[in-house]
Amino acid sequence: MRSPLKISIREIQKHDGMELETRLEPREISWEDDAGARLTEPFALQMEFSVGTDNILAQGEVEGSWELECSRCLEKFQAHFKLPVEGIFAFTQQTIDMAEEIRQGIVLLIPPKPLCRAGCQGLCSNCGANKNRAPCPCRPQPPSRFQKLSRPKKLRDLPCS
Ligand SMILES: [Zn+2]
Ligand SMILES: [Zn+2]
């Protein structure tokens, strides 16, 4: 199958530029879900190629949705992504292949600590329950005399109440 991401530079020169608008399957950019995000559906690509003195400038963006895993409660959730894509290709290359550019751009966009929502309560450190769903029966431990000396913990680190 011919990839829409492989474009002949001669073709772009002939038309003095080119626009590309398409939807891409994750496999068309050789996407692997173990990069930290699952691409669940085709995503949109919009590109514009312009002809410079000795190269082609490609500018555009990709937009779609992916599935991430919350770093606090470990639930999977859907989120939206949008990313500018850019590349410069010398005339001598003959063919432009945007797939690798796009794949690397999306990988860099994956948040290191995804959150399913701003105030995610995470999992109880005692019983492992997801505190977003229901309060668990655990009680905060009475502070020991050592803990009293240390600075107060951040809210999310406290045992659930
Ligand atoms: Zn969460
Ligand atoms: Zn608990």
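## Burial and residue L45

A residue counts as buried if 20 or more other C-beta atoms lie within 10 Å of its own, as exposed if 12 or fewer do, and as partly exposed in between, with C-beta atoms placed from the backbone. L45 is buried because 22 other C-beta atoms lie within 10 Å. L45 belongs to strand 4; strands (E, at least two residues) and helices (H or I, at least four) are DSSP runs, numbered from the N terminus.

Two residues are in contact if their C-beta atoms, placed from the backbone, lie within 7 Å. Not counting residues up to four places away in sequence, L45 touches L20, T22, L24, G60 and V62. T22 and L45 are 23 residues apart in sequence, yet their C-alpha atoms are 5.3 Å apart in space.

## The model and its confidence

This is a predicted model, in which local features need pLDDT of at least 70 and side-chain atom pairs count only at pLDDT 80 or more, while totals for chains, interfaces and linings use all residues. Residues are numbered from 1 along each chain as its sequence is written, and chains are lettered from A and ligands numbered from 1 in the order in which they are written.

The predictor's confidence in each residue is its pLDDT, from 0 to 100. The chain has a mean pLDDT of 87, and 85% of its residues reach 70 or more. Among the elements of the chain, strand 4 has the highest mean pLDDT (96) and helix 3 (residues 145–149) the lowest (53).

## Overall layout

The chain contains 7 strands and 3 helices. Along the sequence they follow the pattern β-α-β-β-β-β-β-β-α-α. Of the 161 residues, 14% count as buried. Among contacts with a separation of 6 or more, 57% are between residues 24 or more positions apart.

## Strand 4 and its partners

Two strands pair if DSSP finds at least two bridges between them. Strand 2 (residues 18–24) and strand 4 run antiparallel and are joined by 7 bridges. In strand 4, F43 stands opposite L24.

Strand 4 is also joined to strand 5 by 8 bridges, and these two strands run antiparallel. They form a hairpin with 3 residues between them. F49 stands opposite A58 of strand 5.

## The largest nonpolar core

A nonpolar core is a set of buried Ala, Val, Leu, Ile, Met, Phe, Trp, Tyr and Cys residues joined through C-beta atoms within 7 Å. The largest one here has 20 residues, and I56, A58 and I96 have the most contacts inside it. Strand 4 (43–51), strand 5 (55–69) and helix 2 (99–109) are the elements that give two or more residues to this core. In soluble globular proteins, nonpolar side chains tend to be buried together.

Which residues is A58 in contact with, leaving aside its neighbours within four places in sequence? They are M47, F49, E86, G87, F89, I96 and M98.

## Two residues with positive phi

Most residues other than glycine have a negative phi. D16 is not a glycine, but has a positive phi of about 55°. D16 is found in the loop between helix 1 (9–14) and strand 2. D16 is exposed because 9 other C-beta atoms lie within 10 Å.

L74 also has a positive phi, near 65°. The loop that holds L74 lies between strand 5 and strand 6 (76–90). L74 counts as exposed, with 12 C-beta neighbours inside 10 Å.
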